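Please look over the sequence and the model below, then read the points grouped by topic.

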Amino acid sequence: MNRHASRLVPVLLVLCLCALPAVPGLAGGADDTTPGSLSALEILERGDDFHYGYEDSYYRILTVIKDKDGNKSELKNEMWEKGQMRLLVFSDPPDVAGMAILVKDPDTIYIYEPEFNKVRRVAAHAKKQTMLGMDFTLDESGQKHLHKQYDAKLLSEDSTEAVLLLEQKAGLDKAWPQLKVTVDKETHWIAKKIEYLDDKGKKRKTEIRKGVKKLGGRWVTSVMIMTDHGKKHSTTLILKEARFNKGLPDNMFTKRYLVREE
C-alpha cells in the first residue's frame, strides 16, 4: 500500500462517529427522565435507538488535529453511509485529495489510490490502529449501538443525566474492556461523554460529544472531541453539513464505484 493510503486508513475510524442523528421529539412519557424509571440497559438502548434512526446519510466534515504543543492540522472529507456501509472521499489536504475509503463492514475495508487508479484491501487489524496523527481507532469510532456490544450497570443518576459503566460482552474483541458513559437526558439521551478504561480501570481517553443542533431536518451532534490523556493530544470533528434518507443506492458502496468515480 502506498504511503498516502496507509496514512488514511484510520481517517475512516474518526469519521464514522462524527454525526449522531437524533429523532426529533422523545418517545415515551414525561416520567422517562425520572431517576429509576429505566434500567441501565434501557437508558443505553434509548440513546442508541434515538441517535441512529435513519436509513442513509451524507456528511461534510472538518477534522482538526491538535498535538501536545498546540500545533494544528486539518482534514476535509465527505461521507455517505447506509447501514454499516460507508464511503469517504477526501478533498484536503492536497496529498490526500481524491483518495477514497470504502467500508463494507467492520472487517472489510478498501482504499482507492487515484495516482495508481487502484483499489486495495486494508487488513482487518487496522481497526485497532491510529494513524495520521489522530486519536480515534476503528473500534472506537464504530460503536454505533453500545447496548449490542456492552453490558450496562448504573453508577449514578438524576433528572438530567445518568452515568453508566459498560463491560464488554463475552466473545467480543474490543480495544477497551470497559467504558464509563455519561448520558444526557436533556439532549435526546446522547452519550455526551465516553471514558475509555483499560483492563485495570484506568482512564486512557475521553470522548466529548456536544453542539447538538438541527441539520438536514434532524438533531445531530455537530462536534466530537477525542482526547488521548497519555499523549496530551486531541482530535476534533466538526459536522458542517448533513442530509438523511435520500435513498442512496447499494452500488454506491462497491469497489467498481470507487474506480468509476475517479
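**Strands, cores and confidence**

Strands β3 and β4 pair in the antiparallel sense, over 4 bridges. Within this pairing, R86 has V103 in β4 as its bridge partner. The model is predicted, and the chain averages a pLDDT of 83.

**Pairing of β2 and β3**

- Strand β2 covers residues 72-82 and strand β3 covers residues 85-92; the two pair in the antiparallel sense over 7 bridges.
- In this pairing, E78 of the model stands opposite V89 in β3.
- β2 and β3 form a hairpin, with 2 residues between them.
- G83 lies in the turn of this hairpin and has a positive phi of about 60°.

**L102 in strand β4**

- L102 belongs to strand β4, which covers residues 100-105.
- L102 has a relative accessible area of 0%, so it counts as buried, the cut-off being under 20%.
- Leaving aside neighbours within four places in sequence, L102 is in contact with R86, T108, I109, Y110, F253, T254, K255 and L258.
- R86, one of these contacts of L102, is also the residue whose bridge partner in β4 is V103.
- From C-alpha to C-alpha, L102 and W80 are 9.7 Å apart in space, and they are 22 residues apart in sequence.

**Nonpolar cores**

- The largest nonpolar core has 21 residues, and those with the most contacts inside it are I43, L146, L164, L166, L179 and V181.
- Two or more residues of this core come from each of α3 (40-51), β8 (161-168), β9 (178-184), β10 (190-197) and β12 (218-228).
- Another core, of 20 residues, lies apart from it and includes V96, I101, V220 and F244.
- Not counting residues up to four places away in sequence, L164 touches A40, I43, L44, K153, L154, L155, L179, K180, V181 and V183.

**E207 in strand β11**

- E207 is placed in strand β11, which covers residues 203-215.
- The relative accessibility of E207 is 0%, so this residue counts as buried.
- The side chains of E207 and Y196 are joined by a polar contact of 2.4 Å.

**Confidence along the chain**

- A pLDDT of at least 70 is reached by 83% of the residues.
- Over residues 1-6, pLDDT stays under 50, and the model has 17 contacts beyond four places in sequence for them.
- Over residues 9-31, pLDDT also stays under 50, and here the model has 93 contacts beyond four places in sequence.

Methods:
Residues numbered from 1 in each chain as written. Predicted model: local features only at pLDDT ≥ 70, side-chain atom pairs only at ≥ 80, totals over all residues. Heavy atoms only, no water. Buried < 20%, exposed > 50% of the residue type's maximum accessible area, 1.4 Å probe, protein only. Contact = heavy atoms within 4.5 Å. Core = buried A, V, L, I, M, F, W, Y, C linked by side-chain atoms within 4.5 Å. Polar contact = N/O pair within 3.5 Å; in protein donor to acceptor, adjacent residues only side chain to side chain. pLDDT = per-residue confidence, 0-100. Pairing = 2+ DSSP bridges.
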